[in-house]
Amino acid sequence: MTHDDAARIRLTIDGRSVEVDSGTTVAAALAMAGVNGSRRSVGGEPRAPLCGMGVCQECRVTIDGHAHTLACQTLCREGQRVDTSNGMVGV
Ligand code: FES
């Protein structure tokens, strides 16, 4: 393992394997993976991270089975499972 390998983290987003740098937030990983949203509103509209600082609550995803986790306030971890499928279509 090289130093660069140690700085990379592999997680899954909606079942797809994604590799990011250590210190990357889940919200950033979603964007880098091309995921277009984090959840749907009660009315069915797609929602996505907005403020990036834990205020708007629009980035809620399920992480390792824990629903409504703020993606912008959560760092990626090795083996983490992120799920945005609470109604999202085409992500
Ligand atoms: S992006 Fe606003 S709370 Fe996460």
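Me: Does H68 count as buried or exposed, and how many C-beta neighbours does H68 have inside 10 Å?
Reply: This is a predicted model, in which local features need pLDDT of at least 70 and side-chain atom pairs count only at pLDDT 80 or more, while totals for chains, interfaces and linings use all residues. Residues are numbered from 1 along each chain as its sequence is written. A residue is buried if 20 or more other C-beta atoms, placed from the backbone, lie within 10 Å of its own, exposed if 12 or fewer, and partly exposed in between. H68 counts as exposed, because its C-beta neighbours inside 10 Å number 11.

Me: What is the phi of H68, and in which strand is H68 found?
Reply: H68 is not a glycine, yet its phi is positive, at about 60°. Strands are DSSP runs of E of at least two residues, and helices are runs of H or I of at least four, numbered from the N terminus. By that numbering, H68 is found in strand β6.

Me: In what order do the elements of the protein chain run from the N terminus on?
Reply: The protein chain has 2 helices and 7 strands. From the N terminus on, these elements run α-β-β-α-β-β-β-β-β.

Me: What is the strand order of the open sheet, and which are its edge strands?
Reply: Two strands pair if DSSP finds at least two bridges between them. The open sheet has 5 strands with mixed pairing, in the order β2-β1-β7-β5-β6. Pairing on one side only marks the edge strands, which are β2 (16-21) and β6 (66-70).

Me: In which sense do β1 and β7 pair, and in which sense do β5 and β7 pair?
Reply: Strand β1 (residues 8-13) meets strand β7 (residues 81-83) over 2 bridges in the parallel sense, with T12 opposite R81 in β7. The bridge partner of T62 in β7 is D83. Between β5 and β7 there are 2 bridges, and the sense is antiparallel.

Me: How many residues lie between β5 and β6 in their hairpin, and which residue in the turn has a positive phi?
Reply: β5 and β6 pair over 3 bridges in the antiparallel sense. Bridge partners here include I63 with H66 in β6, and R60 stands opposite L70 in β6. The hairpin has 2 residues between its strands, and the residue in the turn with a positive phi, about 50°, is D64.

Me: Along β5, which side chains point to one face and are buried?
Reply: The side chains of β5 alternate between two faces.

Me: Why does C59 count as buried, and which residues is C59 in contact with beyond four places in sequence?
Reply: C59 is found in the loop between β4 (46-47) and β5. C59 is buried because 26 other C-beta atoms are within 10 Å. Contact requires C-beta atoms, placed from the backbone, within 7 Å. Leaving aside neighbours within four places in sequence, the contacts of C59 are A27, S38, P49, L70, A71 and C72.

Me: How far apart in space are V35 and T84, C-alpha to C-alpha?
Reply: V35 is found in the loop between α2 and β3 (39-40). V35 is buried, with 21 other C-beta atoms within 10 Å. V35 and T84 are 49 residues apart in sequence, and their C-alpha to C-alpha distance is 8.7 Å.

Me: What is the mean pLDDT of the protein chain, and over which residues is the pLDDT below 50?
Reply: pLDDT is the predictor's confidence in each residue, from 0 to 100. The mean for the protein chain is 89, and 88% of its residues reach 70 or more. The pLDDT is below 50 over residues 87-91.

Methods: Contact = placed C-beta atoms within 7 Å.
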